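Here is a short briefing for a first look at this structure. Keep the model open while you read.

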Amino acid sequence: MIECGAARAVGERIDQIGPERCIALRPVDEDDRRRVGIIGALLVVEELQSVDLGEGHRGGVSLRFLWFSWEHAMTSIWELDTPALLVDLDALEHNALLMAQRCAKAGIDWRPHVKACKAPAMARRLIEAGAVGVTCAKASEALVMARGGVTNILIANEVVGDQKVARLVDVAKLATLCVAVDDAANVREISAAADAAGVTIDLLVDVDVNLHRCGVTPEEAPALCALISDLPAVRLRGLMGYEGHVMGLPENEKERETAASAAILARANELCKQDGHEIGVRSGGGSGNYRFVLKQAALTELQAGGAALMDLTYVQMGVEGHRQALSLVCQVVSAVNSDRAAGDAGWKATGRHTGLPDVANPDGWRCVGLSAEHTHFARDGGEQLRIGDRVEMIPHYSDSTVLLHRTLYAHRSGEVEEAWEISGSGALQ
Ligand SMILES: Cc1ncc(COP(=O)(O)O)c(C=O)c1O
């Protein structure tokens, strides 16, 4: 057990601690939490020391803080400085359990995409709910997750070139890493870098399942599998087929096109197996079509992740049974007219390319526009807003909102429990 003042590491034994391992610290008990105001901290071990602790005991670890959350202990969401990005823990846990249970029922693994949340603390919550690991978009995003204690990562995109492949190696030193590939030269560069560093990187052959973005044809897949099997320090794990083109389609077309994509991946699977390749994983699916993916049972791993937070875009895509976990609180900064008001969260606080946010609180107001720094509200029968009033909104799209912020305040019934650093915002490389 590691103790650090009034805090204690959760579930850690001193003999399991090693360099670069992450440790989550929690206050020893509720009294300490109130006394020192610590909600939690995430630290990474820098070095193991040999310090004389007296009475014949030796020990000591030097820890570097990844994040530290204290001043928000027991704060109400209405007292936070604005704009404040919130995640409702009850709603998040509901969504995460729902996705994990739906996947379990369909007999497939859930590997949620974390490109929307970008916060390792939230990724760890999804894993606690039953996810086998996470899916990332970029190598730098994966590195943020690995440094934040996530130990099983898929990068569901091609990662190309010296600088980025070097980053893959950094991730593979901390976590089990799997990467999508669709090119022989790229497979060779990953193999060479991994071999030189003494790590192994798993690969999924990316198949174009009609998205027409990346990916080989089913007929080209076996040759790439053969190359991976021949090279050192890379291991063939299976196939990936992301059907991003179906997400915005009407229901019946979406079901049909999801099946068409699954058929393409199944053909690739068949051809690879005929050539003697072991295809353990077939990965794909997004929040917008996961209900059909689960029905059709063509995949072994589901990448859908954004619907753990939910937003208005996923509502438009027909995602059912989820609760809105993400919201944004702003403050009214001008209310010169009783029928309109301006808030302090514009498109620099919530992306607008897919649509405007909904007003969740108070009733009788709606958002009619976003300028860079301002929300434009119009009265719809509600009580007049006054300067300093708080307005809570549901963002239209989580992906284009979370990355604009540095902190995600995790609350339960309006009381902040933790402040999660969005350490993946800006991680685009
Ligand atoms: C490769 C890949 N997988 C899965 C997804 C689905 O992500 P989400 O469920 O967050 O919408 C995306 C979305 O862009 C993606 O690009």
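Helix H7 spans residues 221-230, and its buried residues are Ala221, Leu224, Cys225 and Ile228. They sit on the same side of H7, because they cover an arc of only 105° around the axis. The model is predicted.

**Helix H7 and its cover**
- Residues three or four places apart in an α-helix point the same way, because each turn takes 3.6 residues.

**Helices H4 and H5**
- Helix H4 covers residues 139-147, and helix H5 covers residues 162-174.
- Their axes come within 9 Å and cross at roughly 20°.
- H4 is therefore roughly parallel to H5, as the crossing angle is under 35 degrees.
- The crossing of H4 past H5 is left-handed.
- H4 makes the contact through Ala139, Ser140, Ala142, Leu143, Ala146 and Arg147.
- H5 contributes Lys164, Arg167, Leu168, Asp170, Val171 and Leu174.
- Sorted by class, this contact has seven nonpolar, four charged and one polar residue.

**Leu408**
- Leu408 belongs to strand E21, residues 407-412.
- Is Leu408 buried or exposed? Leu408 counts as buried, because it has 24 C-beta neighbours inside 10 Å and the cut-off is 20 or more.
- Leaving out residues up to four places away in sequence, Leu408 touches Leu85, Val87, Ala119, Met122, Val402, Trp420 and Ile422.
- Ala419 is 11 residues from Leu408 along the chain, and their C-alpha atoms are separated by 5.8 Å.

Notes: Residues numbered from 1 in each chain as written. Predicted model: local features only at pLDDT ≥ 70, side-chain atom pairs only at ≥ 80, totals over all residues. Buried ≥ 20, exposed ≤ 12 C-beta atoms within 10 Å, placed from the backbone. Helix = DSSP H or I, 4+ residues; strand = E, 2+ residues; numbered from the N terminus. Arc of directions from axis to C-beta. Contact = placed C-beta atoms within 7 Å. Axes fitted to C-alpha atoms, helices over the stretch in contact; angles between N-to-C directions. Parallel < 35°, antiparallel > 145°, perpendicular 65-115°, else oblique. Left-handed = near helix turned anticlockwise from the far one by under 90°. Nonpolar A, V, L, I, M, F, W, Y, C, P; charged D, E, K, R; others polar.
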